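Here's a quick tour for anyone meeting this structure for the first time. Have a look at the picture, then read on.

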Amino acid sequence: MAGKAKSHLFAANWKMHKTVNEALDYLHELRPLLHPKHSAKVYIAAPFTALKPLAEETKKEQGAFPIAIGAQNMSDHLEGAFTGEISAAMLMEIGVKFVILGHSERRRFFHEKDDLIHRKVSLAFNAGLQPLLCIGETAEERKAGKTEEILEKQLSECLKEIKKELGQKLIIAYEPVWAIGNGHAATPQDAEKSHHFIRDWLGKNWDALTAEKVSILYGGSVNGTNAKDFLKEKNIDGLLIGGASLTPHSFSEIINLN
Ligand code: PGA
């Protein structure tokens, strides 16, 4: 069955929250809250400053339960005169495992376009980082009946010429822009429709087996109450969680559903 052979993946997107001390406190509080037998994959995307301390801390704790630490962005260049930017190699060196790319807040506030996101996806793969690619339509696009057209455009441009062998390392988050950070999540059925479309597109672009291996997460106003209904859907492999990931209590509540 599509998606469900994998264990669920829960990714926290802290956005611009948490100093280093707050991040470490969070990690220490999270651990005892998790069900000892949970089988979920737990990912945390933290601000740049907290990445190294978090990666070091989770490395010590691998025996207890593995948590992957990730960045929320990176440069589309290898190195050079790009003031303020952080490269894939810099992230790799400090133990970062994954990187969120193309989040709608990057697209909206920093004018990131699909061709730039595509360069970042390629660089992340080349460096050995797992890209967590965000795609999704705006409210206007949805109203105009363009959801699938937009998803197709974002997928084909952001994944252009990416080899199918890399596909199994890819994570995609379907995040309808109109559902982010406002308490109005998509219905699980609507989300499943888009996830099915994404899986289908991956199958056509690569092959069905590779498409099955891609984790496709839903994101947008997920909380402890609605999370379980998303996880019942065939093509929803996990969740990308913003607001509800900010306290260890609310994040663990979701992880423990697994
Ligand atoms: P939210 O954010 O859970 O607060 O809606 C999700 C995201 O932006 O990744």
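## A word on the model

Keep in mind that this is a predicted model.

## Around the ligand

So who sits around the ligand? Its shell is made up of N13, K15, H103, E175, I180, G181, G220, S221, L240, I241, G242 and G243. Sorted by class, that gives 7 polar, 3 nonpolar and 2 charged residues.

For K15, an N or O atom of the side chain is 2.7 Å from an oxygen of the ligand. E175 places a polar side-chain atom 2.8 Å from a ligand oxygen, and for N13 the distance between a side-chain N or O atom and a ligand oxygen is 3.4 Å. As for cover, the ligand on its own has 280 Å² of accessible area, and the protein covers 95% of that.

## Helices that cross

Two packed helices are described by how far apart their axes are and by the angle between those axes. Take α1 (residues 20-33) and α2 (residues 48-60): their axes come within 9 Å and cross at roughly 30°. Angles under 35 degrees count as roughly parallel, so that is the label for α1 and α2. The crossing of α1 past α2 is right-handed.

Now for α7 (residues 147-158) and α9 (residues 188-205). Here the axes come within 11 Å, with a crossing angle of roughly 40°, and α7 and α9 are therefore oblique to each other. α7 passes α9 in a right-handed crossing.

Notes. Residues numbered from 1 in each chain as written. Predicted model: local features only at pLDDT ≥ 70, side-chain atom pairs only at ≥ 80, totals over all residues. Heavy atoms only, no water. Near = heavy atom within 4 Å. Polar contact = N/O pair within 3.5 Å; in protein donor to acceptor, adjacent residues only side chain to side chain. Areas by Shrake-Rupley, 256 points an atom, 1.4 Å probe, with all protein chains shown as cover. Nonpolar A, V, L, I, M, F, W, Y, C, P; charged D, E, K, R; others polar. Axes fitted to C-alpha atoms, helices over the stretch in contact; angles between N-to-C directions. Helix = DSSP H or I, 4+ residues; strand = E, 2+ residues; numbered from the N terminus. Parallel < 35°, antiparallel > 145°, perpendicular 65-115°, else oblique. Left-handed = near helix turned anticlockwise from the far one by under 90°.
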